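Biologist: Could you put the model up and take me through it?

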Amino acid sequence: MKRQVPLFITFFVGTLLILSVFIPPMENLGENFTLFFDIIAVFAFFLGGGNLLRVHFKKLSKKKRDWQYSIVTICGFFFMLAAGLFKIGNPGDIASSVTAEGSLFQTIYTNMFVPLGSTMYALLGFFVASASYRAFRAKNREATILLIAAFIILLGRTPFGTMLTVWIPDSMSIAQIPNLAIWIMNSFNLAGQRAILIGIGLGVVSMSLRLILGVERTYLGDDSA
Amino acid sequence: MTSLIASDHKYDDGDKIDLAWVPSIDDLPRDGLVTAYKIYRITNDGAPVEIAELTPGANSFRDEDRELDSTYSYYVATMSDGPTVESNRTAPMQTEREWLNLDRKFMFLVALILGGAIIYFIETARRGKKLFVRRIAGLEAVDEAIGRATEMGRPILFIPGIHDMDDVQTLAAITILGRVAGQVAEYETKIRMPVARSLVMTAARETIKAAYQTAGHPDAYSDEMVNYVTDEQFGYVAAVDGIMVREKPATVFLLGAFFAESLILAETGNSIGAIQIAGTARPAQLPFFIAACDFTLIGEELFAASAYLSGEPKQLGSLKGQDVGKMIAMIVILIGVLAVTLGDGWGIQVMADLANTLKMIFSGS
């Protein structure tokens, strides 16, 4: 029974949503089910928040390695919760938006959270360099082709690339590096991406059918189909 | 022009109105006086708005994206070098929503063929016929990756992306987790799974718990294997990077929906020397995984993974059905390229018509 009910719900909802694509009066079903999901997800947040607190309180009480950071996490959690819940410093009354300009919640978000997020994002610049170094080493034929294509595209996106081949007449404009870069992106790259997208589309159809028909049950913690 | 008729387009979502008229007697193929037809729409008795300008010879028009609860009326202005002549206004009308949207008949047909092929091969496999499925290197390496972590006595880190359970990629990741957790339980290796969504945490716990029970080690399971971190993208990345650097897992699985964080996670995993198996259905992130990970499941391979790892004939049958779709796509692409080249390039009308028909069938309408 524990497995049959979820399987029936999956089958019923899946079939209904497929039909809704072709039956106009049922078209809103997709949006409605998304709303149902959002409502469930809101309740699930308590599970997540609760788990976060449990993990860090446990770490703190057992004085596990780096337990000091748990104090920061717990304090941050309750501080932001209080700022948002009681709308501390909000220019309007309690009914005003939690993200209103000047509120404590918004101030912390803008001045602490956003810069911290940007710092993590900025790491990407360094990681792109290290990953590119490894990927573009000309160790075999494929990697050499990749290196040449990447070099043309990098050069084509800079003013230096334009400057290098500006002397090529318009009748041979395809040989100009920026145009060559566009050609690589629009022909080889786009064709490859579309092939991957077709595969993904088919994969989604196949996986969805496996789920709807109950052939795939691993997500329910059941291996026996 | 005369006899302007506005009618609701049949078998649609109630969003189209068809207009038809008899062209002006001055609208002649040669030396005609008409220069254009301008279509005007009046919504809910408001001011007329020009919605289209058609070339001489036109005698119909389809007004799309209309709303069900509005009334519409139309008139057509015949333009010439002389005075502009306006037709009578049509009576105000509303669109109607039918029970079947025949505008999507080709989509239905394609879905039927694909779905039919998948179900046919599942049934064929159920009857015991052996089906060949090509080797997927990334999935062949799963055993080796888990074995490595066991030998080294280090944990396995499983990252299911940053989307919720309503994303099919997360669902695919959870199904793979079921297979991985089964082996982890057998080898008695440690698994660690920080997640960015509460529902994913609940689903992952259930999946791992069931895998441990099936493997006969229910006592070895602990809720601490899966923990919620934060919904925030870069907060999550910071936490996962921290776990990687502190705990130095021997194996990292990055399977699911990833965005800008893909390379940050994969490069950190690479820097600690972990064997990394990644997979996503987001083409923009695939190059990052290919550059930084040992094995990458490209697009469809992520969705095929669970079926492949299970080795069950029924599940493998669904992959075979998928191949039928690929074969159809390849044939249609070849015919389409040929039709466009011969039709548009060489002016062969039959091929141009064929290209248009294929476009109509496969453009989602």
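Modeller: Over its C-alpha atoms, chain A has a radius of gyration of 27 Å, whereas a compact globule of 225 residues would have one near 17 Å, by the rule of 2.2 Å times the number of residues to the power 0.38. This is a predicted model: local features need pLDDT of at least 70 and side-chain atom pairs count only at pLDDT 80 or more, while totals for chains, interfaces and linings use all residues. Residues are numbered from 1 along each chain as its sequence is written, with chains lettered from A and ligands numbered from 1 in the order in which they are written.

Biologist: What does the C-alpha trace of chain A span along its principal axes?

Modeller: About 65 × 50 × 45 Å.

Biologist: And how many helices and strands in chain A?

Modeller: Seven helices and zero strands, taken as DSSP runs (helices H or I, at least four residues; strands E, at least two) numbered from the N terminus.

Biologist: What share of chain A is buried?

Modeller: 17% of the 225 residues, where buried is 20 or more other C-beta atoms within 10 Å of the residue's own, with C-beta atoms placed from the backbone.

Biologist: Now the interface. How many residues of chain A are in contact with chain B?

Modeller: 49 residues of chain A, against 63 of chain B; contact is C-beta atoms, placed from the backbone, within 7 Å.

Biologist: Which element of chain A gives the most there?

Modeller: H7(A), with 15 residues. Helices H1 (4–22), H2 (29–61) and H4 (104–135) of chain A are among the others that give two or more.

Definitions and conventions
Buried ≥ 20, exposed ≤ 12 C-beta atoms within 10 Å, placed from the backbone. Contact = placed C-beta atoms within 7 Å.
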